[in-house]
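Subject: Structure handover

Hello,

Here is the structure I said I would pass on. Please have a look at it before reading the notes below.

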Amino acid sequence: MLQLLTPSGDVLGEPPLSVDLTRRLYRAMVYVRTFDRKCAALQKQGRLATYAPFEGQEAAQVGSAAPLDPEDWMVASYRDAAAMWMQGYPWELLIAWRTGDERGGRPPEHVSVLPPSITVGGHMLHAVGLAWSARHFGEERIAITYFGDGATSEGDFHEAMNLAAVYGLGVVFFCQNNQYAISMPRTAQTRSETIAEKAIAYGMPGVQVDGNDLFAVFTATAEAIDRARAGDGPTLIEAVTYRLGPHTTSDDPSRYREESEVEQWRRRDPLERVRIFLSERDAWTPEWQERLETEASTEIERAVELAEGMDGLGPARIFEAMFDELPPHLVDQRAEALRSVGQ
Ligand SMILES: Cc1ncc(C[n+]2csc(CCOP(=O)(O)OP(=O)(O)O)c2C)c(N)n1
């Protein structure tokens, strides 16, 4: 497993990133953690439908999205708001989507990110299609797709990996092995010793990295992106990490894992080791931390206001997208939905 920055903040070898870039990525990790905690709180207040937290996975998402070019495609899932934000998806749309507002699933024109997939694994094929299309149109852009350890059991994962390898497409398959697919532990998910080794069967490079290590994630992903852009085909990256929170806000993880395990992973906090690294180079102070947290909170609060301030669509909207002429049972359902809100 590739590790370049240990949990105690020691660098193994030369630091792959400048202090300045490390500071910028640390700032991004503080921002996404603020977003994550804010969303979990909003859900408790009934302001979000449900929420899938990513605390513990900040280095995996920020470190892998950082080396992308702005026009590179990103195809991710419900837990990947941090990576999506890094690639230009606005906070307010990430929030609106989580309130159940379909407009949150439509990124601005210039943002090369697909709406998040809830269907586990299905979206990896879309990334392959986008890379194929880029090749067809002679574009430089590559595609990265994010998925969990559980998604590797889906047929779609195998189809996507095989097609990308056979055609030598520019795809980075980025698996966040956060140890659980809801309550199913990684060890029960596959008999493979690692997820990275699955790459061998498809004839592509597979790399396992410490997913809580910003430097290792950045380095491995940057290499995979370079390879994809050079026309040398896809790569599978397994980022070994941990979901510190519940699967979603409606899950009780104490039913399937021990608190001691969570504590063990808290000691491998992806932000803490970068903080130590910066601190030892006089590039972090408590005042800067405080300022970052305040700025992040203000920015996210503003996004919440924007998301909540969007005009209400009303329940009739959900009946408008599919049919030109509604079938009779949906006419009845629409009437019932409108009655329920007094319209
Ligand atoms: C095709 C499909 N099957 C089942 C589900 C229900 N489901 C939602 S999340 C999840 C677990 C996914 O685990 P993993 O891929 O490891 O990602 P994580 O949630 O840990 O990020 C399941 C089974 C779904 N959304 N889609």
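Helix α1 passes α11 in a left-handed crossing. This is a predicted model, and everything below should be read with that in mind. A pair of packed helices is described by the angle between the axes and the distance between them. For α1 and α11 (residues 270-279) the angle is about 145° and the axes lie 10 Å apart. On the α1 side, the contact is made by Thr22, Arg23, Tyr26, Met29, Val30 and Arg33. The α11 side contributes Pro270, Leu271, Val274, Arg275, Phe277 and Leu278. Sorted by class, the residues of this contact are 8 nonpolar, 1 polar and 3 charged.

Some of these residues come up again around Glu58, which is found in helix α2 (residues 58-65). Apart from neighbours within four places in sequence, Glu58 is in contact with Met29, Val32, Arg33, Ala82, Pro270 and Leu271. Is Glu58 buried or exposed? Glu58 has 28 C-beta neighbours inside 10 Å, so it counts as buried. Its C-alpha atom is 34 Å from that of Ile318, a residue 260 places away along the chain.

**Domains**

The chain is divided into domain 1 (19-312) and domain 2 (314-343). Taken over C-alpha atoms, the centres of domain 1 and domain 2 are separated by 35 Å.

**Helix α4**

The buried ones are Trp91, Glu92, Leu93, Leu94, Ile95, Ala96, Trp97 and Arg98. What do they pack against? Their partners are α1 (19-44), α3 (81-86) and α12 (286-308). Just after α4, Gly100 takes a positive phi of about 100°.

Take Ile95, which is in helix α4, as an example. Ile95 counts as buried because 27 other C-beta atoms lie within 10 Å. Not counting residues up to four places away in sequence, Ile95 touches Gly104, Ala303, Val304 and Ala307. Between Ile95 and Ala81 there are 9.3 Å from C-alpha to C-alpha, with the two residues 14 apart in sequence.

Met74 is in strand β1 (residues 73-75). With 27 C-beta neighbours inside 10 Å, Met74 is buried. Its contacts, leaving aside neighbours within four places in sequence, are Ala83, Met84, Gln87, Ser112, Val113 and Ile144. Met74 and His329 are 255 residues apart along the chain, and their C-alpha atoms are separated by 38 Å.

Asp69 lies in the loop between α2 and β1. Asp69 is exposed, with 12 other C-beta atoms within 10 Å. From Asp69 to Leu42 the C-alpha distance is 32 Å, for a separation of 27 residues in sequence.

**The ligand and its surroundings**

How many residues surround the ligand? There are 15, and the closest are Val120, Gly148, Gly150, Ala151 and Ala181. The elements that give two or more residues to this shell are β2 (143-148) and β4 (180-181). By class, the shell has 7 nonpolar, 5 polar and 3 charged residues.

Most residues other than glycine have a negative phi. Gln179 is not a glycine, yet has a positive phi of about 80°. Gln179 sits in the loop between β3 (171-177) and β4. There are 20 C-beta neighbours inside 10 Å of Gln179, so it counts as buried.

Ile182 is another residue that is not a glycine and has a positive phi, here about 50°. Its place is in the loop between β4 and β5 (184-185). Is Ile182 buried or partly exposed? It is partly exposed, because 13 other C-beta atoms lie within 10 Å.

Regards

Conventions. Residues numbered from 1 in each chain as written. Predicted model: local features only at pLDDT ≥ 70, side-chain atom pairs only at ≥ 80, totals over all residues. Helix = DSSP H or I, 4+ residues; strand = E, 2+ residues; numbered from the N terminus. Contact = placed C-beta atoms within 7 Å. Near = placed C-beta within 6 Å. Nonpolar A, V, L, I, M, F, W, Y, C, P; charged D, E, K, R; others polar. Axes fitted to C-alpha atoms, helices over the stretch in contact; angles between N-to-C directions. Left-handed = near helix turned anticlockwise from the far one by under 90°. Domains from an automatic or database assignment.
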